[in-house]
Amino acid sequence: MTGSEEGPLGVGSFVRLLARPTLSGPIVSVDRIGVNIRYAVFHSESVHHYFDSQIEPLDVSTTDKVVGATELNAALTATLVLDSNSAYLHARNAGRVDFEPYQYRPVLKLVQSTRPRILIADDVGVGKTIEACLILKELEARKRAESVLVICPRPLVVDHKWRNELKRFDEDFAHLDSKTLRWCLEETLREGTWPARYRKAIIPYSLLDESLLTGRRKGKTSKAANLSDLAGDLKFDLIVVDEAHHVRNRETKAYQCVQRFVDSAEAVVMLSATPIQTHSQDLFTLVNLLRDDLVLDWADFQEMLRPNQYLHEASKAARNAGPGWEESVRTSLELAFQTVWGKDVLADDPRSVELVSRLKHTQIRDDERVQIIRSIESLNTFSEIVTRTRRRDIGEFTTRKPAAPIVEFTSKQQNVYDAVIALGEKIASTRSPNIPVKFLMSTLYRQAASSISGLAPLIDDIFENRLRISEMLTEDEDYELTAEQIQSLRAEVLEIKRLAEGIIEDADPKAETLRRIIVDKSMDSNNKVLVFTTFRHTIQYLERLCLRWGLRVGIMHGGVPDEDRQSIRHRFKLDRAIPDALDVMLCSEVGTEGLDYQFCNTLVNYDIPWNPMRIEQRIGRIDRRGQMNESVAIINILTQGTIEAEIYERCLSRIGVFNRAIGGSEEILGEISTAIVDIATNLKLTAEERSAALRQLSDNGIARVQEEQQFEDQQSDLLGFAGQSFRENVAEASSAWLGDTKIASLVRSYLETLVPGRTIALRPGRVARMPLSADTSARLLHELEAHRIDAHRLKRRLRRERPVISLTTDPELANEDEEIELLSPTHPLVHLASLHFSSRACLSSSMKVMSGLVSPGTYLIGVYAWTRLGARDALTLRFISENTAIEEHAAELLSSAVQGDESLANSKDAVLVDERHAAMWAQERAKHIDQQTSFIERRVAALKSQKMRRLMAISRQIESASHADIRTMKVGEYKAAEASFDGLITIQEQAANRLDLTVRNLANIQLQVIAP
């Protein structure tokens, strides 16, 4: 019996699956199986059968549902949280980080791009890692980041830099070693998918070798799975390639391995602080790796650049707004459109059409001129795939005030230091095979200059092969010593140990200088002193002294457990009057990764890194946005006569790293670091020759940095870095209903439904602590499981014997304690609350607000969700009213409105609003389809033109090939290129068939505006 059976639910009723509430649909037939009623439900593109105990009715009434202001706001927030195509940013405040507005620029570009791939080429210290994490959280909110792979240099894996940074965003990534990576490849080959256990992982470049690529090692082929075996099975949602300049050489196995991973990914983010140079093949290699569909070859790369000089001139003219600026802009745009790329791509871009139309107006207001500037900047041919923020573009955070007090060794300390120099000379003179000479000498020299007292335990570490990687200079050298090498040096080493151990309790002029600095600082209201040293043995020595001096001291190095770091930092931040506060923090570089100390304004370098970048990383802990003082003190304690002091005086101080942020010169500074080690450990040089070499090195470095900055100033505009419109873009991509206040209200309302009668003190700017009963915890766990929400951390806390969850929407407060849950649109609890308040019905509510933005009165506002269907779907909220002033300010008015006390507006008002909305929607839909169709047609034409040029170039190579193997290879390349272009063209043509503008009426609101 089908379709006529009488039961609790009938044909046409909407239901959802109890075990999977996200699955819902209409009943298409009902029948009886024995004593059970069976329902046929259409969902997920097919009909499924369920019994009555498996489903529940779903309210999809088309009549308005009357709700209060709190529930209405919760429903609007829920709509945006749950919609994976929302045009609004979900990643605002998604991590325990103090964010800068410019850090949202890359994520905005990526989510608005037709293909989510981007090169982030920011200066050191600007926050590339944070920007990549924001992209990850944004894609997660859009259900596009279930599988993520981070590729980075080995030290960042060993030092847990990436893993610790991701933990600030409540992400737990696994480190893959060679064995685990092989297992993942074998599982993928066997099962067809990457194993779920390692769906979020980090691998170092050191694993990207011939064996991983092809299975061959030293000429032999292995049976182990490799990337070449996984041509169709390897798939990731997101690949992050850190320090991307490591793959700028196509011939390396690292490049070829990364290429396989990039080809397997939907979204790709590359990070590099290497300055961008448009004449460089390196830049072309990276953007070609990212977007080989857009940047095919060097010729196309050059063609893409040509319009940008004219676009820059147009933007500059519009910004200056001098007499006749409109004509200057039109002339520059015409020149841009006359280039090959301009004709193929830019001329009929919808943005170009709108821009030309705006420039035809006889009177252009200032706000319209700003829009013109933004449109011009958006047309830059690389703006979609490259973003760069330079330190000097965002301004210096503080004034640095360096000082360098100089102390002298005692006679006993001098004897030890001389013995170290003599040992270095002996090591260098033996030139024993495989002895890591530079490493041993530089490490001993640096430790001796840092603290003689740390020499004895350091020597033990070296000759027991247990020196920590954080104290090494590079990742490429083998540091293990053989038994024979140890034996040959043992006598001298033991003598140094004996000498060093004999003076541990003696007076130490360097330590006494540190004590005076701390005592002087204790006179200030802010008595905090951050002390850096490279070596843990120096940290241990200084910790003993600080305790002896009666100071409250904390230590922070790579060995401090993650769970202790936040607590120690919190104590260091506390006011000195609080008994648990710390006065002094002793740190290594590794220990401060991911921790910021802008509340401290005094940094002491107890020893000086020979690498300028490490110096910048140290200073960057306090010289950063949020620093509470206009200046910071950088005090470098030096010991007279040491190589360290000479390096500081002759080289490092002259480069200027202590006075200002050097910016994007990471590659140059890395070369300087290597050269410093070469000079310092070259015992063939006399003291005079070494000083001259260091001075020459600094002169060359200064000149190169200046030349680089000047060149980039000239070139950067060609890549679209000069614009500041990202601030307006971030504002436009933000919604009040995804802000702190609305997120807090949403979660608070949801939790109060779980515990009726209880008030949850969850407000922006504070932490709410909520003890949970066993029943409430069990219900939350059930809901998380039922909706298949990824919430491992939250689930662990809910399973505790007496769970207490701490909640806040403030990243700074969450940064104080890892136990605090940071609520943002990406948090599982926010997702759960959104599911609870999501509504399919149109909501009606009465609200009131006190405001001077519009005239007092009562107005009806319709809230609609518009979704533009295209290459990337995008949902936005539209607020419609008969009154245009209300319409203009509706979002702001409603976001601060509270429950009203008037009856709902009459049906006549609703009809008028509906009619206005229908007219606006029809006009916008026609415009959207027309613009996108025109753009797609032009893009298809450009692809066909690129295809022809590419295939002709390969054909010429085939004709001129001197060997049959080369011809065969080129024929394969020809076929692959042809298939790739045809696939891209097909995708574009399919996109043209699904263009539309859909609409959903979310709410009708009667708003009473009261004069302030």
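Start by selecting alanine 321, which sits just after helix H10 and takes a positive phi of about 55 degrees. Keep in mind as you click along that this is a predicted model.

Now step back into H10 itself, residues 298-320. Its 23 residues should span 33 Å at 1.5 Å a residue, and the end C-alpha atoms lie 34 Å apart, so the two values agree. Color the buried residues next: among them are Asp300, Phe301, Glu303, Met304 and Leu305. Further along H10, Leu311, Ala314, Ser315, Ala317 and Ala318 are also buried. An α-helix has 3.6 residues a turn, so residues three or four places apart point the same way.

Next, select helix H6, residues 178-191. Here 14 residues should span 20 Å at 1.5 Å a residue, and the end C-alpha atoms are 20 Å apart, which agrees. Which residues of H6 are buried? They are Thr180, Leu181, Arg182, Cys184, Leu185, Glu187 and Thr188. Glycine 192 follows H6, with a positive phi near 90 degrees.

Last stop: strand S22, residues 631-636. Strand S16 (residues 399-403) pairs with S22 in the parallel sense over five bridges; look for lysine 401 opposite alanine 633. Strand S21 (residues 602-605) also runs parallel to S22, joined by four bridges. In that pairing, leucine 603 stands opposite isoleucine 634.

Conventions:
Residues numbered from 1 in each chain as written. Predicted model: local features only at pLDDT ≥ 70, side-chain atom pairs only at ≥ 80, totals over all residues. Heavy atoms only, no water. Helix = DSSP H or I, 4+ residues; strand = E, 2+ residues; numbered from the N terminus. Expected span 1.5 Å × (residues − 1). Buried < 20%, exposed > 50% of the residue type's maximum accessible area, 1.4 Å probe, protein only. Pairing = 2+ DSSP bridges.
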